[in-house]
Protein chains: 2
Amino acid sequence: MINVIKVGGGIIEDQSSLAEFLKSFAQLKGKKILIHGGGRLATTLAKKLGIESKMIEGRRVTDDATLEVVTMVYGGLANKTIVAELQALGVNAIGLTGADGNAIQAHKRTGWEHDFGWVGDVDKVNADLLLSLLNQGLVPVIAPLSHDGQGHILNTNADTIASEVAKAMSTLEETQLILGFELDGVMKNPKDASTLISKITKQDFENYKADGTITDGMIPKLDNAFKAINSGVKAVRICNAMKVGDEKSGTTIQ
Amino acid sequence: MINVIKVGGGIIEDQSSLAEFLKSFAQLKGKKILIHGGGRLATTLAKKLGIESKMIEGRRVTDDATLEVVTMVYGGLANKTIVAELQALGVNAIGLTGADGNAIQAHKRTGWEHDFGWVGDVDKVNADLLLSLLNQGLVPVIAPLSHDGQGHILNTNADTIASEVAKAMSTLEETQLILGFELDGVMKNPKDASTLISKITKQDFENYKADGTITDGMIPKLDNAFKAINSGVKAVRICNAMKVGDEKSGTTIQ
């Protein structure tokens with residue numbers, strides 16, 4: 001079983017949250033791949049450099065200057081901080097962008113109403129490379145950057161990379177996708193830990209949507225989870241980022 | 001034979017020089033490892049961020065803010081730009097810092113008259129990892145950053161990393177160190193290409209130093225070359241960075 005874990009930028013930008021998350025991540029047994037975000041750190045650096053962070057419908061527009069910023073922040077600062085801290089925890093991490101070892105090939109997004117700049121839509125994940133690294137005892141840590149094979153780095157959403165990596169790894173070995181976030185999982189009442197739903201089927205999801213139990217940001221998260229399952233991923237676990245190492249935590253979708 | 005190639009920051013910061021260098025690098029046959037600098041790019045970013053670049057005796061002092069800058073620039077911008085461009089040239093490059101795969105272990109420099117901050121002196125190069133990547137057809141591209149195994153990235157001179165990598169690889173396979181710079185090699189008269197010295201022995205070097213033919217910056221470069229040879233490196237070639245791919249270019253030390 002391969003575990004593909006996604007953690008968001010909010011946890012990475014805070015030193016103590018990151019340390020706590022990585023400690024839990026280190027406890028996960030077996031083959032594992034970490035995909036991290038870093039959007040807020042990029043916004044901070046862009047601001048310091050006087051580069052305006054342009055967003056269209058919640059998506060970052062990646063012009064030349066912004067591409068340099070995300071390459072530095074995602075591929076450099078965030079990725080190497082995580083790798084160095086994992087090494088200290090005894091995890092033999094190796095940081096990658098999609099360009100490294102041709103890990104994630106993509107093409108520049110075109111044909112949309114807006115020009116998002118240097119944004120990549122994923123074409124192919126190099127699952128053979130990732131499995132070969134895993135088989136050497138290495139733990140790939142992937143920044144949300146892909147490449148077009150023409151010499152350009154492309155900015156790519158970390159959730160998308162996590163799904164695509166999980167799908168690709170599923171063609172070689174059983175794979176679970178773990179989405180770490182700030183809540184304990186899918187809850188009937190987010191303020192009451194006892195209302196955690198530990199397992200959810202497609203039918204449950206439809207029912208919960210219909211009766212208003214599941215709303216807002218949780219809907220696209222679950223939509224993506226079911227999409228991954230339909231694409232061959234064995235299971236998806238949505239859980240508190242600080243509990244990714246506890247196999248029983250969170251909500252499991254199968 | 002493994003080739004370990006060092007290229008300085010001056011060539012990397014200029015887009016067309018970098019493209020020309022990489023084209024020549026791509027032509028080198030067989031197993032190869034690239035080590036790059038990036039000091040000038042780091043100085044530029046530090047300046048933009050209002051961080052003063054402190055130098056003591058020509059060495060950069062790496063305080064907390066500077067460590068973030070070099071991690072972003074060396075590990076992110078410079079490294080990933082090179083990797084993406086090599087991929088476009090058909091070279092399956094994989095970018096590494098010393099933290100990735102525990103490639104280069106070091107310790108924070110202590111016991112010197114000055115405090116250089118987060119600067120690392122190399123303890124061990126993970127030659128097994130590098131050889132295993134080479135045997136998979138990958139081309140490691142190494143940024144001048146090491147780590148201390150305690151969670152800290154350390155700033156380390158690219159020339160030192162190149163020498164240490166070449167020495168470590170020599171314990172596994174015959175290794176040549178290639179030092180790319182702005183001149184064609186060791187020349188009796190740097191302004192006259194016909195005065196290139198194509199081979200140089202230790203005795204020649206001593207003679208040339210004594211009669212004033214070889215002076216200034218070329219002396220430490222050659223001192224380091226002979227040190228590498230004494231540590232088991234099969235050959236050192238000092239050549240124009242744009243000609244690293246031409247096995248016959250430059251000055252060879254054996």
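By what turn and what shift along the axis can chain B be laid on chain A?

1. Relation of the chains. Chain B is laid on chain A by a turn of 180° and a shift of 0.0 Å along the axis, with an RMSD of 0.0 Å. That is the relation of a two-fold axis. The superposition is by least squares on the C-alpha atoms of residues with pLDDT of at least 70 in both copies. Among the residues of chain B, B:Gly76 comes closest to the rotation axis, its C-alpha lying at 1.8 Å.

2. Basis of the note. The model is predicted: local features need pLDDT of at least 70 and side-chain atom pairs count only at pLDDT 80 or more, whereas totals for chains, interfaces and linings use all residues. Residues are numbered from 1 along each chain as its sequence is written, while chains are lettered from A and ligands numbered from 1 in the order in which they are written.

3. The interface. Chain B and chain A each bring 32 residues to the contact, two residues being in contact if their C-beta atoms, placed from the backbone, lie within 7 Å. On the side of chain B that touches chain A, α4 and β5 (93-96) of chain B are the elements that give two or more residues, and α4(B) gives the most, with 13 residues. Helices (H or I, at least four residues) and strands (E, at least two) are DSSP runs, numbered from the N terminus. Because 100% of the interface residues of chain B are also interface residues in chain A, the copies meet through the same surface.

4. The sheet. Chain B has an open sheet of eight strands with mixed pairing, in the order β5-β8-β2-β1-β11-β13-β14-β12; two strands pair if DSSP finds at least two bridges between them. Its edge strands, β5 and β12 (199-200) of chain B, each pair on one side only. Strands β1 (residues 2-7) and β2 (residues 31-36) of chain B run parallel and are joined by six bridges, with B:Leu34 of β2(B) as the bridge partner of B:Ile5.

5. Strand β5(B). This strand pairs with β8(B) in the parallel sense over four bridges, and B:Leu96 has B:Ile142 in β8(B) as its bridge partner. Are the residues on the two faces of β5(B) buried or exposed? B:Ala93 and B:Gly95 on one side, and B:Ile94 and B:Leu96 on the other, are all buried. A residue is buried if 20 or more other C-beta atoms lie within 10 Å of its own, exposed if 12 or fewer, and partly exposed in between, with C-beta atoms placed from the backbone.

6. Helix α3(B). In this helix (residues 39-48), the buried residues are B:Gly39, B:Leu41, B:Ala42, B:Leu45 and B:Ala46. Seen down the axis of α3(B), these residues fall within an arc of 160°, so they line one face of the helix; the arc is that of the directions from the helix axis to the C-beta atoms. They pack against α1 (9-12), β4 (59-60) and α4 (64-88) of chain B. On the other side of α3(B), B:Lys47 and B:Lys48 are exposed.

7. Residue B:Ile104. This residue is in strand β6 (residues 104-108) of chain B. B:Ile104 is buried, with 31 other C-beta atoms within 10 Å. Neighbours within four places in sequence aside, B:Ile104 is in contact with B:Gly98, B:Val122, B:Val125, B:Ser146 and B:Ile161.
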